[in-house]
There are 4 protein chains.
Amino acid sequence: STQPNFQPAAKIFAPYSIYKGKAALSADPLLPKFTKLESGDYKVERRGVIMLTFWPAIGERKYDWDKRQKFALSATEVGSLINLGAKDSCEFFHDPSMLSSNAGQVRKSLSIKAHADGSGYFVSLSVVNNVLHSNDRFVVPVTAAEFAVMRTAFSFALPHIMGWDHTVSKLPIHCNEGSYIRSNGGS
Amino acid sequence: STQPNFQPAAKIFAPYSIYKGKAALSADPLLPKFTKLESGDYKVERRGVIMLTFWPAIGERKYDWDKRQKFALSATEVGSLINLGAKDSCEFFHDPSMLSSNAGQVRKSLSIKAHADGSGYFVSLSVVNNVLHSNDRFVVPVTAAEFAVMRTAFSFALPHIMGWDHTVSKLPIHCNEGSYIRSNGGS
Amino acid sequence: STQPNFQPAAKIFAPYSIYKGKAALSADPLLPKFTKLESGDYKVERRGVIMLTFWPAIGERKYDWDKRQKFALSATEVGSLINLGAKDSCEFFHDPSMLSSNAGQVRKSLSIKAHADGSGYFVSLSVVNNVLHSNDRFVVPVTAAEFAVMRTAFSFALPHIMGWDHTVSKLPIHCNEGSYIRSNGGS
Amino acid sequence: STQPNFQPAAKIFAPYSIYKGKAALSADPLLPKFTKLESGDYKVERRGVIMLTFWPAIGERKYDWDKRQKFALSATEVGSLINLGAKDSCEFFHDPSMLSSNAGQVRKSLSIKAHADGSGYFVSLSVVNNVLHSNDRFVVPVTAAEFAVMRTAFSFALPHIMGWDHTVSKLPIHCNEGSYIRSNGGS
């Protein structure tokens with residue numbers, strides 16, 4: 001693991017949140033996890049994601065955070081979203097327990113559907129939980145301006161959730177040695 | 001507050017300014033403010049903005065900075081602006097005292113209106129102040145090239161005014177410990 | 001050379017990999033190499049590339065890494081790729097021994113061909129080796145979403161493989177001197 | 001001035017160069033210069049530019065660097081260039097001695113003219129020097145792929161030549177104080 005043993009890095013919360021009549025939606029990048037190899041090098045152990053969180057309105061400007069549901073967009077799903085034309089739609093399906101013995105018990109689907117006039121999108125999350133016998137559905141209308149924020153911020157975050165900010169990094173911090181230029185040219 | 005107690009960071013002024021016949025317009029990013037949580041983590045307390053400043057011409061190449069008026073573009077308004085097609089228009093309304101007892105006393109509106117031939121935009125600010133009985137109006141014609149600078153610079157600045165440069169940051173500065181890779185994977 | 005003599009910087013592996021039925025494809029940025037000039041300044045000695053690696057499937061979800069072939073995209077080839085419209089195609093030819101006595105012995109060609117309906121691309125690598133009398137061919141269908149990831153990540157990486165992240169860098173790391181602003185204005 | 005007094009930062013040369021039959025063209029970002037204010041803050045004293053350099057071919061793959069001519073693209077001219085459609089053209093005129101007593105003695109014009117089929121551009125520099133009675137003209141055909149590299153690299157560099165990388169910077173390097181988050185929220 002790459003967790004430093006002297007002091008964990010502080011987390012920083014800066015979600016992009018959209019509050020609408022029936023539900024709220026927020027987006028947050030989560031960075032990849034790296035493993036240190038025996039060679040001293042690092043490789044991505046788990047890709048990062050853009051985490052979408054939905055939670056329902058329970059009154060005028062009141063929302064219930066305890067009823068939130070999450071959907072983690074992979075790099076390729078982010079690619080699909082930032083590539084979406086003004087009249088396009090897309091849908092993603094996740095099973096949080098895929099490949100385990102609990103597969104199929106929870107099914108999540110995220111749908112992004114353009115308004116016919118190109119003025120925005122309906123972003124919907126549906127979570128069917130066959131264990132809890134629950135069926136949650138959230139719909140958040142997102143304006144073209146809000147979607148432009150998401151597209152720009154997600155495009156910015158994409159190389160970071162892939163770990164490419166590290167592979168192109170020019171700054172090995174050897175502070176007491178003065179500045180030099182890093183090169184990964186041998187690889 | 002996150003203000004370090006030993007020495008405030010220097011401010012750096014690098015506005016993008018456009019001087020035209022009747023008025024000048026400049027744009028500047030302002031970063032978000034963070035609060036330190038009891039956990040030691042941070043969250044955005046107040047979002048950043050792109051601050052637009054207008055000030056009038058009072059002669060040939062002379063402008064009166066004392067008569068300036070400001071309009072703070074939110075992340076979503078920046079999204080609207082960078083999403084604007086060559087023939088599109090948009091308008092934003094602000095009340096600096098919204099939700100206070102002074103609500104409605106000052107009304108600001110910013111309008112961006114495309115030239116019919118797609119060669120640029122009229123960017124106008126109107127400020128009606130019912131307390132001072134004043135009514136200021138500024139119009140700055142912005143060429144397509146100047147607008148492309150704004151679109152590119154605002155797209156660059158958007159993740160920073162949202163605070164996402166922090167959430168994806170790979171550099172916790174622990175200089176005397178050597179370099180390591182930060183991961184926010186637990187969040 | 002710019003290799004620091006006390007401790008080589010760790011390498012970080014974060015390829016973007018696409019696994020399909022017949023073959024897998026991964027992409028990785030490689031940074032440029034710099035030479036230190038007598039003046040103490042640096043110049044790019046060898047440009048960076050985006051390295052594409054193809055390797056064949058040898059069964060269900062099994063791939064043979066030992067049979068991989070590589071194709072190094074130059075800055076201009078990356079420009080061609082990120083500029084590709086939804087219905088466009090392009091092809092690049094490389095001779096790894098160009099200008100040496102072995103010229104012509106190995107010929108590589110990379111082809112990117114849009115699906116007729118704009119839903120993605122076929123990315124193919126062909127390697128003809130006249131010494132080994134081998135002829136390898138890999139075809140990986142890439143969806144529009146996967147290609148959007150590549151376009152965004154390659155656009156992000158392009159200034160880095162060119163070395164422009166260094167020419168615009170604002171951070172000479174002189175940690176014990178406090179912060180100051182770097183200017184390359186004299187150049 | 002912001003020049004550190006202990007050791008000037010090393011310069012880094014990483015031009016994007018295009019060699020064609022009649023001439024070569026290279027592009028390089030030059031950063032802005034800052035002035036320190038009495039308050040301890042900084043402001044941009046002189047904007048940065050993208051410097052274009054042209055030099056003529058004098059034989060097969062031989063070019064004469066001594067006969068080079070330069071053209072410094074301002075932020076707004078960069079905006080014009082990155083905004084150029086596949087069939088668009090633009091032209092800029094510079095007088096290096098504008099507003100001085102030598103005004104009009106040297107006239108430079110840069111023209112970017114799209115090929116009729118959208119496959120690239122002719123980039124031409126003309127320098128008429130009435131003092132030296134010289135008249136230099138360079139024409140470099142630039143492919144769509146090469147122009148895509150320029151557009152992407154110039155878009156990357158634009159916020160830096162404007163100084164916006166500093167205004168949004170999150171890293172005041174106070175290495176021995178641990179990490180904290182910079183906020184320019186007071187401005």
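Colleague: Start with the overall picture. How many helices and strands does chain A have?

Modeller: The model is predicted, so keep that in mind throughout. Chain A has three helices and twelve strands. Of its 187 residues, 53% are buried. Take the contacts in chain A between residues at least 6 apart in sequence: 46% of them join residues at least 24 apart.

Colleague: Now a sheet. What is the strand order in the open sheet of three strands?

Modeller: The order is β4(A)-β5(A)-β1(C), and the pairing is mixed. Two strands pair when there are at least two bridges between them. The edge strands are β4 (33-36) of chain A and β1 (12-13) of chain C, each pairing on one side only.

Colleague: How many bridges join β4(A) to β5(A)?

Modeller: Four, with β5 covering residues 42-46 of chain A, and the two strands run antiparallel. For a landmark, find A:Lys33: its bridge partner in β5(A) is A:Arg46. These strands form a hairpin with five residues between them, where A:Gly40 takes a positive phi near 95°.

Colleague: How should I read the faces of a strand?

Modeller: In a regular strand the side chains alternate between the two faces of the sheet. Look at β2 (residues 16-19) of chain C. C:Tyr16 and C:Ile18 form its covered face, while C:Ser17 and C:Tyr19 form the uncovered one.

Colleague: Which strand does β2(C) join through four bridges?

Modeller: Strand β3 (residues 23-30) of chain C, running antiparallel. C:Ser17 has C:Ser26 as its bridge partner in β3(C). The two strands make a hairpin with three residues between them.

Colleague: On to helices. Why is helix α1 of chain A said to be largely enclosed?

Modeller: Count its buried residues. Seven of the eight in α1 (residues 75-82) of chain A are buried, so the rest of the structure largely encloses this helix. The buried set is A:Ala75, A:Glu77, A:Val78, A:Gly79, A:Ser80, A:Leu81 and A:Ile82.

Colleague: What do the buried residues of α1(A) pack against?

Modeller: In chain A, they pack against β6 (49-59), β8 (69-73), β9 (89-94), β10 (106-114) and α2 (144-162).

Colleague: How do I describe two packed helices?

Modeller: Two packed helices are described by the angle between their axes and the distance between the axes. Helix α1 (residues 75-82) of chain C packs with α2(C) at an angle of about 150°, the axes being 10 Å apart. That makes α1(C) roughly antiparallel to α2(C), because angles over 145 degrees count as such. The crossing of α1(C) and α2(C) is left-handed.

Colleague: Which residues of α1(C) and α2(C) meet?

Modeller: From α1(C), they are C:Ala75, C:Val78, C:Leu81 and C:Ile82. From α2(C), they are C:Phe147, C:Arg151, C:Phe154, C:Ser155, C:Leu158, C:Ile161 and C:Met162. By type, the residues of this contact are nine nonpolar, one polar and one charged.

Colleague: At what angle do α1 and α2 of chain D cross?

Modeller: Roughly 150°, with the axes of α1 (residues 75-82) and α2 (residues 144-162) of chain D coming within 10 Å. That makes α1(D) roughly antiparallel to α2(D). The crossing of α1(D) and α2(D) is left-handed.

Colleague: Finish with single residues. Is A:Ser126 buried or exposed?

Modeller: A:Ser126 has a relative accessible area of 15%. The limit for buried is under 20%, so A:Ser126 is buried. A:Ser126 lies in strand β11 (residues 120-129) of chain A. Beyond neighbours within four places in sequence, A:Ser126 contacts A:Arg107, A:Lys108, A:Ser109, A:Asp136 and A:Arg137.

Colleague: And D:Ile58: buried or exposed?

Modeller: Exposed, because its relative accessibility is 52% and the cut-off is over 50%. D:Ile58 lies in strand β6 (residues 49-59) of chain D. With neighbours within four places in sequence left aside, D:Ile58 is in contact with D:Tyr63 and D:Asp64. D:Ile18 is 40 residues from D:Ile58 in sequence and 15 Å away in space, C-alpha to C-alpha.

Conventions. Residues numbered from 1 in each chain as written. Chains lettered and ligands numbered in written order. Predicted model: local features only at pLDDT ≥ 70, side-chain atom pairs only at ≥ 80, totals over all residues. Heavy atoms only, no water. Buried < 20%, exposed > 50% of the residue type's maximum accessible area, 1.4 Å probe, protein only. Contact = heavy atoms within 4.5 Å. Axes fitted to C-alpha atoms, helices over the stretch in contact; angles between N-to-C directions. Parallel < 35°, antiparallel > 145°, perpendicular 65-115°, else oblique. Left-handed = near helix turned anticlockwise from the far one by under 90°. Nonpolar A, V, L, I, M, F, W, Y, C, P; charged D, E, K, R; others polar.
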